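Trainee: I have just opened this entry and would like to go through it with you. Could we take it one residue at a time?

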Amino acid sequence: MNKNAATICLMLAGALLGAGPLCAQKPLPVAGAKALVNTNAPKILLPKNAAVSAPGAGAGLQAATQAAQVQSLFSSKSKSAKAKNSSQKNFSNFLNRFFGKKIVPSVPVPSEYEMYLARQAKMTYDQVLQLWKDLFGSAANVPLLRSVFMPTQYPTQLSINGNKQLLLFSQTLAEKIDWLRQYPEQGRNDLAYYTGNRPVAFLARELAQYNLVMLGEVHYSENVQDFVSSLMRRIKIDNPNRRVVVFTEFLPIPQGKADTNADVVSYYRRGGETELAPLSMTHTGDVDYAPFTFWCMLKSGVEVYPLEDYRQKDLFEKDAPGEFVSMAALLARNKSWARIMEHKMAEIRRTDPDALFVVYAGMGHTSWVTPFSLPKFFSSQSPAVVELHPDTNSPFNTVYPVWGKNAPLFQPAGTQLVYWIGNSARLLGKQTGFNYSVAVGKTFDI
């Protein structure tokens, strides 16, 4: 069977087994920490063609996942081998009719251990959803849940441990929401609205007071990318003698020598293991995401360094297919990025102690309320977290479930900039997820 036919087979299998589509954008999206993974357990993973499609973080509660697909074929221990063979035969007959020739898909009968993993994943997944119901009522009330905190049903130990951690993370999120609900006026008197006509210039002046800034975006918004371009240009214009350095998830670090013995749990790359070179103007044409934004940064004199480790991504796809969009991957990536940043920042500060460092990544990596987020790794440096969302201020924080979707903050209002003020500004930022939030309209004056 050629590659295209194989792809269609996998898509058909997903449709037959009730699989939902993958999330269209990168996850904002949690983590089975290494210490919690049973490294002594036999490493038995279902082949990729046994369970083909699974939702990414944010795909919705009703989307099916790999474990659900597996269980639709092998739903109980008591199901006979004859019944299993019948399921495979029916699927094979469908493919034969579709392609007009004989095709025998490889759908192996899972072992007892694989069935155990599938049942545990399903059980912990259901436990997280039940806790959400108990804590929040409807998940729609808290957009963070399905965008970042979504549990998974992959039949792996990594998925199970991630779900168990989500029970704790969800409880912590509920406590932060309750804290804001009990705060005087629910924080409304502590949120300032910028009323001038130059939001980029204002925000650039604000952020120049910091040594570390986190720009968290919703991906694939041209308006947001243009705002980032203008903001970084304005920061550099205002600070011509200050070294401004951007780290970003949208560029891969050099691969270096591969560790053939590593797996998704044991893989570890030290911060200085790979020598990082800044993005050059001649290579901006090779950038897959927001190339014009990075071109503008370089043109303004801003340095840009990569963060994403594609070898780590490959290991997830090999050892835990589909889980690169899970909380487990989010934690693993953030840990890797923090090591890379820490090493490079220390190197730069030896010659430029007043350098301004900026992280440009998805909001799930940068929010104060996301588990193991980047600002938490650097909390001693008091970073500023900025949320960038098209058209309205971001709902991916604890303000949205407290103030409600009808609050003016979450209504379309062109480009709108808000930020916490007062003696509790830093605390409010950590409890809500952001220090500054920008609703990016189609036009804005720098």
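Trainee: Is R234 buried or exposed?

Mentor: R234 is buried, because its relative accessible area is 16% and the cut-off for buried is under 20%. Please keep in mind that this is a predicted model.

Trainee: Which residue forms a salt bridge with R234?

Mentor: The partner of R234 is D238, and their closest N and O atoms are 3.0 Å apart. Both belong to helix α8, and because they are 4 residues apart there, about one helical turn separates them. D238 is partly exposed, with a relative accessible area of 36%.

Trainee: Why would such side chains pair?

Mentor: In general, side chains of opposite charge can pair when their charged atoms come close.

Trainee: How many salt bridges does the structure hold?

Mentor: There are 11 salt bridges in the structure. One of them joins R243 to D352, again with 3.0 Å between the closest N and O atoms. R243 sits in the loop between α8 and β3, and D352 in the loop between α11 and β5, so this pair ties together parts that are 109 residues apart in sequence.

Trainee: And what is the accessibility of those two?

Mentor: R243 counts as partly exposed at 22% relative accessibility. For D352 the value is likewise 22%, and D352 too counts as partly exposed.

Trainee: Which residues are linked with R243 in a network?

Mentor: E303 and D352 are linked with R243 in a network of salt bridges.

Trainee: What about R333: which residue does its side chain meet?

Mentor: The side chain of R333 meets that of E308 in a salt bridge, at 2.6 Å from N to O. R333 lies in helix α11 and E308 in strand β4, so the pair ties together parts that are 25 residues apart in sequence. Both R333 and E308 are buried.

Trainee: Let us change topic. How many residues does the largest nonpolar core have?

Mentor: That core has 39 residues, and L215 and M232 have the most contacts inside it. Helix α8 contributes the largest share, 6 residues. A second, separate core has 37 residues, among them L144, V148, F149 and L428.

Trainee: What does M232 touch, leaving aside its neighbours within four places in sequence?

Mentor: M232 is in contact with L215, V244, V246, M297, V302 and V358.

Trainee: Why do such side chains gather inside?

Mentor: In soluble globular proteins, nonpolar side chains tend to be buried together.

Trainee: Where does N223 lie, and what is it in contact with?

Mentor: N223 lies in helix α8. Beyond its neighbours within four places in sequence, N223 is in contact with V440, G441, K442 and F444. N223 is buried, because its relative accessible area is 19% and the cut-off is under 20%.

Trainee: Now the surface: which residues make a nonpolar patch there?

Mentor: M281, F292 and W295 make a nonpolar surface patch of about 290 Å². M281 is in the loop between β3 and α9, and at 34% relative accessibility M281 counts as partly exposed.

Trainee: Finally, what pLDDT does the chain average?

Mentor: The chain averages a pLDDT of 81, and 75% of the residues score at least 70. Over residues 1-80, however, the pLDDT is below 50. That stretch has 178 contacts in the model beyond near neighbours in sequence.

Notes. Residues are numbered from 1 along each chain as its sequence is written. This is a predicted model: local features need pLDDT of at least 70, side-chain atom pairs count only at pLDDT 80 or more; totals for chains, interfaces and linings use all residues. Side-chain values use heavy atoms; hydrogens and water are left out. A nonpolar core is a set of buried Ala, Val, Leu, Ile, Met, Phe, Trp, Tyr and Cys residues joined through side-chain atoms within 4.5 Å. Buried means under 20% relative accessible area, exposed over 50%, partly exposed in between (1.4 Å probe, protein chains only). Helices (H or I, at least four residues) and strands (E, at least two) are DSSP runs, numbered from the N terminus. Contact means heavy atoms within 4.5 Å. Patches are made of residues with over 30% relative accessible area and no salt bridge: like charges are joined within 9 Å, nonpolar side chains (Val, Leu, Ile, Met, Phe, Trp, Tyr) within 5 Å. Accessible areas come from the Shrake-Rupley method with a 1.4 Å probe; for residues, only the protein chains shown count as cover. A salt bridge is a side-chain nitrogen of Lys or Arg within 4 Å of a carboxyl oxygen of Asp or Glu. pLDDT is the predictor's confidence in each residue, from 0 to 100.
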